[in-house]
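User: Could you walk me through this model, starting with how its parts sit against each other?
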Amino acid sequence: MHLDQIQSPEDIKNLSYEELTSLAHEIRESLINTVADRGGHLASNLGIVELTLAIHRVFDMPRDRIVFDVGHQSYVHKLLTGRARQFHTLRTFGGISGFPKKAESPYDSFETGHASTAISAALGMARARDFLHEDYQVIALVGDGALTGGMCYEAMNDAGSSGNHMIIILNDNEMSIAPNVGALSRHLTDIRISRGWSSAKKSVRTGLKKLPLIGHGLYNVVHTVKMMLKHAIIGEDFFETLGLHYFGPIDGYDIPALEKTLKRAREYDGPVLIHVLTTKGHGYDKAEEQPEHFHGVAPFYVETGDSKKASDLPSFGQVMAEELTMICERNPRIAAISAAMVGGTGLSILKARFPDRVLDVGIAEEHATTMAAGLAAGGMKPYFAVYASFFQRSYDQMIHDVCMQKWPVTFLLDRAGLSAHDGETHHGVFFLAELLPVPGMTVLAPRDLNELRQMIRFSETFEQPLAIAYGRDSILLEEYPYTSFTLGKWEALREGTDVTLLAVGSMVREALDTAALLSEKGISAGVINCSTVKPLDTDLLRAIADRPVVTMEEHVLLGGFGSTVETWYAQEEIAVRTLSFGIPDMYVQHGSRGKLLKYLGLLPEQMAQRIRVYLGTLHGVKKNDR
Ligand SMILES: Cc1ncc(C[n+]2csc(CCOP(=O)(O)OP(=O)(O)O)c2C)c(N)n1
């Protein structure tokens, strides 16, 4: 049975273990080749090929349901559930998503993308099943990294007392994106170390139970002693204290053992946790050697593992971290916080120079924000570097714990805008709507790398809540050299008399290109870089009110920059014609930024066309006739 013949998990149920080994090999090849082409989450998927095979052999999907935590490790599941032939379209516009998607397959029972939600969702499903007297299994597949997120504990606490049957599979590879952090991670390592003890336990138990009558009695005594021993060796058993029956640890590459445990868990009456040990990157030496790099990787050459590099520019995150490192050299108050994203946010640069100044708190954005407020309360000047979409987790903490109390916390929001190939869950397109209404918050968005440098320098002496938001793709507007940043003052990049384009962050370049296209059609468009999004440059808004104003943002229209500008004009009772470009009220799928901008009508040629219609010049109406 070859991979592309597999239509559904039924096709793998009768395979021999030998056939499964060869299928696992084929799956790994498909994962490596596809991700080498398309980019994506490789190491995590390579690690759970056998585990996913075992799950699909034991359970009856889609009647039984699996919720993937984060969902980045659902590729093998996709390959086994009728999507092998389309798998080469992974993460491309209109192609297979890199995360579970209900619209893609009935086997994807719940959509994920952000960490630590699976146990809650699975418990909800289990409760619904029991309320409705239905009969199916619910599984949550959770990584040890995701288990650093607070929601997991809220969910386990609830699940343990609920008594509803559900199965949590803990995929423990000792890694989040980078090596995992925190006390629970240390506890899991203790369990791993006691693995020898665990298999000894098994043989003692089977040996003793074989002795008739006395055997069982003796087993109970020995079992009690062993439980005491276990607690002495590895500390109080965390999961059982929470009311989850613990199975494990199980070798994640031993399919028969996995199947046996899954079957036992299936029969257990109540919530169960199966602890499975795997290795990130398993089966591809490059990924095993550099699991962090191959967690989420850009297209690469399979032979060498080297990236097929797209840009020579540093990332926004790198530039931010270089500047912050320079500030750290002279300022002992600076500390940076990461929620398990030290590499992705660029903070590894700062960590290399000042390891103690980078606090990796695990996948815990809420905690990171309130902890930052605490650091500020203690006299430090904290910077929380986080992807804009993950920052959504910190909303309440940002309002109450930071802004209301005016603590000088700086949020460095990376991937603000379309995150492209990761799709819906990863686009950072709500941050302005979150930040702008909050009293006391100042919001900046640089038009390029040089402006970000200046903003980071500015931030050192700014003793109030601050957010600096920048996109995924590096931008350097070489033809517009940058000198210095002044809070609240917008930058006129191009003069124009017919219409003014007000652009934020990544859309400044698009605005300049739009203005160039308009000028070819005889329309003189001014372009303003609105890098202080809050407070607005109201002097400038007043000054340009004599002609139409067009706003551009890589953000949802509702509650974003354009609607804020319109509200300001309305409040001031200034009648001005406005047109806003941004993202309509929808979730945007995955694809390259170019494809997505086109889909959204945000390419310069599309915007230029629409502005011409708006100004009434499209059909050859001369300027003087308008
Ligand atoms: C709320 C949130 N913060 C950060 C991330 C980024 N992220 C994606 S996967 C991951 C690590 C997950 O580790 P683990 O659960 O152990 O899965 P593994 O990749 O090791 O299988 C992180 C931090 C995220 N998806 N969601």
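Analyst: Domain bounds here come from an automatic or database domain assignment. On that basis the protein is divided into domain 1 (3-188 + 245-289), domain 2 (316-469) and domain 3 (491-618). This is a predicted model, in which local features need pLDDT of at least 70 and side-chain atom pairs count only at pLDDT 80 or more, while totals for chains, interfaces and linings use all residues. Residues are numbered from 1 along each chain as its sequence is written, and side-chain values use heavy atoms, with hydrogens and water left out.

User: What separates the centres of domain 2 and domain 3?
Analyst: Taken over C-alpha atoms, the centres of domain 2 and domain 3 are 26 Å apart, and their contact (heavy atoms within 4.5 Å) takes 26 residues from domain 2 and 31 residues from domain 3.

User: And how much area is buried between domain 2 and domain 3?
Analyst: About 2,100 Å² is buried, with carbon and sulfur atoms giving 62% of it; buried area is the accessible area (1.4 Å probe) that two parts lose on being put together, summed over both. Leu418, Leu436 and Arg447 supply 30% of the area that domain 2 buries against domain 3, more than any other three residues.

User: How many salt bridges cross the interface of domain 2 and domain 3?
Analyst: The rule, a side-chain nitrogen of Lys or Arg within 4 Å of a carboxyl oxygen of Asp or Glu, finds 1 salt bridge across that interface. Glutamate 491 forms a salt bridge with arginine 447, and their closest N and O atoms are 2.7 Å apart.

User: Switching topic, in what order do the strands of the 7-strand sheet run?
Analyst: The order is β7-β6-β8-β9-β11-β10-β15 in an open sheet with mixed pairing. Strands (E, at least two residues) and helices (H or I, at least four) are DSSP runs numbered from the N terminus, and two strands pair if DSSP finds at least two bridges between them. The edge strands, each pairing on one side only, are β7 (358-360) and β15 (532-534).

User: How do β9 and β11 run, parallel or antiparallel?
Analyst: Strands β9 (residues 410-414) and β11 (residues 466-469) run parallel and are joined by 4 bridges, with leucine 413 standing opposite alanine 469 in β11.

User: Which strands does helix α19 lie across?
Analyst: Helix α19 (residues 449-459) lies across β8 (381-387), β9, β10 (442-444) and β11, running at about 165 degrees to β11, where axes are lines fitted to C-alpha atoms, for helices over the stretch in contact, and angles run from 0 to 180 degrees between N-to-C directions.
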